[in-house]
Amino acid sequence: MSRTPNHEFQEWWNKQRERNHDLFSAASSDEDPSTSGNGNGNGGSVGGARGGNAYHAVDVRGKFSDQTVEKSRARSARQIRFFYFLKLQQIASSIASLAGASLSVLRTANRRIVASPTDSSSSRLYRIIKFFLILVIVLLGFELLAYYKGWHFSPPRPSVGSKELLDWLGLVYASWLDIRANYLAPPLQSLANVCIILFLIQSVDRAVLVLGCFWIKLRGIKPVANVEYGKECLENGISDDYPMVLVQIPMCNEKEVYQQSIGAVCILDWPKERMLIQILDDSDDIEVQRLIKAEVHKWHQRGVRIVYRHRLIRTGYKAGNLKSAMGCDYVKDYEYVAIFDADFQPGPDFLKKTVPHFKGNDDLALVQTRWVFVNKDENLLTRLQNINLSFHFEVEQQVNGVYINFFGFNGTAGVWRIKALEDCGGWLERTTVEDMDIAIRAHLCGWKFIYLNDVKCLCELPESYEAYKKQQHRWHSGPMQLFRLCFIDILKSKVSVRKKANLIFLFFLLRKIILPFYSFILFCIILPLTMFLPEAQLPAWVVCYVPGIMSILNILPAPRSFPFVVPYLLFENTMSVTKFNAMISGLFKFGSSYEWIVTKKLGRSSEADLVTYAEKESDPTLQTGGMHRSSSEPGIADLTRSVTGITKKSKRNRLYRKELALALILLTAAIRSLLSAQGIHFYFLLFQGISFLAVGLDLIGEQVS
């Protein structure tokens, strides 16, 4: 079938051929003569039909098309090579960055090992850990020799009379296998089973608390005040309806934070004639005393009813300070006392949200509020602390407050009925946890507590591991002192059997003794030993799955912290050595259990919140007509300016020998687990060992150059 030649296409093609003469002349020279003359090849049938135009049709659809495809393929190959080159460059850059970071960490660790002071770990626990470390290193060397000789596949059977060293070592190894299988593994397995049972009981308790918190959230359960101090009293200019409130701030050498706390309580929204502020200064630094006196004098001149008290002899620490202040004659004129530590900054409406709950609840002794932290995102240590404390307040305190009207007083950010304090004997100096002590005695006297999760008080987390470790030691040794002292009182008290059981088994045994005991023994002692005594075993669900689920439950109240769930799990196990040591020292009255060290603060302040308060004060729509405030706008301005003048105290990072020794134990056990091909145990031991190493080198928390 013949077709009319396309002259327009022919004309266009001729122009293109002239422009690319060199290219197509080379193509023509390579062309097969039979293809161009007969019209065969790729366009043979088309060329035969078109006659004189066959050559051009074949050229367009055949040779030129093939060259375009080849060029496209060449470009694709170059692009692929370039793509892989970029990927390799990115990988090399990542490896270089990782190597640089690792080198920096190694240099920091080496510098700390050479120059930094170590903690004074001359305790019995450290000596036991050091002996344990030597033992596992010797066992690892023995196991490596056995692995090299193949004894782990078939135990050696050397002759007793042989004098060859290898035969003698084989005899020792064969005896070791018999001893560990028949004498060491069974008691270790029994201890592991006991710890597993305790672990499961504590996990069930934690799960029940979480379910209780979910139910509270689902039902919208929260305490409701019977009265409200607000607009009506303000419009009528009535202040006599406001009860008399005493505000106490105990402090000791709190140079970094005294201005923030004093300024925050001086702007509390409460009639100035119905409130008195006591600054209870136990500082032994003359310069700090002078600064605090000047700050108190400044606010006193502005009309705030504020007094400064200083004890010459600091007996009883915080409990002695509070006891001395409550002995003043004018205290009898006050009905409630609000207590704040030196780094706490209550909001202006704090008293209006807490004091009304006492009206109509004559058996209510305490209203506790929640802590929120201005420096929770400062470093990894503060993030992990925030997870722990968020669970404590959101779950533990809230559930216990709603269902049993009892929980441990947190020592600050709470309001007490003074009559309840007097009824249970007041502040006692017998322990380092005076807050828990007075809460238990008030509970045994029949008083009730309320926890307000929606009332928040700003405070500061310790940013260095040294400060955090000392704080945790006090928090875990004090309850053991208290348990020894009040156990008989609990049994003799007139409260119900249910409340006695809750105090003894849940409050003390399960949450204060069992938790640090099994955490340390199970994951830091038994787990490494099972690598060298494989006849005793820990299931994978004990090592990984249940702890992972518990960590997820703990992190639920702080959902933004979910990326830190693995570091949180590892860090909690790392802190178990400090908590276990504190628990033992408190239970058996070792010397360090009565040591009180004030947690160092850096003066972090939520400046944005203080500025917001200042803006509210300056807004005429928010000011009250008949109410005399215990503050002034210039005072708030001074408060917001004071937070910028804080300077950090010079200090140094330390080395922690117990943590370093346990790191070597766990890493040694990880190497041993490779010989037994125990995958999940190896990874847990490896990462837990790295966690102990980072903490032991003080690489977590505030870094001081």
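Tyr-317 lies in helix H11, residues 317–326; helices here are DSSP runs of H or I with at least four residues, strands are runs of E with at least two, and both are numbered from the N terminus. Before going on, the model is predicted, so local features need pLDDT of at least 70 and side-chain atom pairs count only at pLDDT 80 or more, while totals for chains, interfaces and linings use all residues. Residues are numbered from 1 along each chain as its sequence is written, and side-chain values use heavy atoms, with hydrogens and water left out.

Back to Tyr-317. Its phi is positive, about 55 degrees, although Tyr-317 is not a glycine. At 30% relative accessibility it counts as partly exposed; buried means under 20% relative accessible area, exposed over 50%, and partly exposed in between, with a 1.4 Å probe and protein chains only.

Asn-253 also has a positive phi, near 55 degrees, and is a residue other than glycine. Asn-253 sits in the loop between strand E1 (245–251) and helix H9 (258–266). Its relative accessibility is 25%, which is partly exposed.

Next, the rings. The structure holds 26 aromatic pairs. Rings of Phe, Tyr and Trp (its six-membered ring) pair if their centres lie within 6.5 Å; planes under 30 degrees apart are stacked, over 60 edge-to-face, and the rest tilted. One of these pairs is Phe-340 with Phe-350, edge-to-face, at 5.0 Å centre to centre and 65 degrees between the planes. This pair links distant parts of the chain, 10 residues apart: Phe-340 is in the loop between strand E4 (336–339) and strand E5 (345–346), and Phe-350 is in helix H12 (residues 350–354). Phe-340 is buried at 0% relative accessibility, and Phe-350 is buried at 1%.

Phe-483 and Phe-487 have ring centres 5.5 Å apart and planes at 65 degrees, so this pair is edge-to-face. Both lie in helix H16 (residues 465–492), and because they are four residues apart, about one helical turn separates them. Phe-483 is buried at 13% relative accessibility, whereas Phe-487, at 29%, is partly exposed.

Last, charge. Which residues gather in a patch of positive charge on the surface? They are Arg-124, Arg-127, Lys-130 and Arg-657. A patch takes residues with over 30% relative accessible area and no salt bridge, joining like charges within 9 Å and nonpolar side chains (Val, Leu, Ile, Met, Phe, Trp, Tyr) within 5 Å. A salt bridge is a side-chain nitrogen of Lys or Arg within 4 Å of a carboxyl oxygen of Asp or Glu. Helix H6 (residues 124–149) gives the most to the patch, three residues. Arg-127 lies in helix H6 and is partly exposed at 47% relative accessible area.

Methods:
Accessible areas come from the Shrake-Rupley method with a 1.4 Å probe; for residues, only the protein chains shown count as cover. Lys and Arg count as positive and Asp and Glu as negative; His and the chain ends are not counted. The place of a charge is taken as NZ of Lys, CZ of Arg, CG of Asp or CD of Glu.
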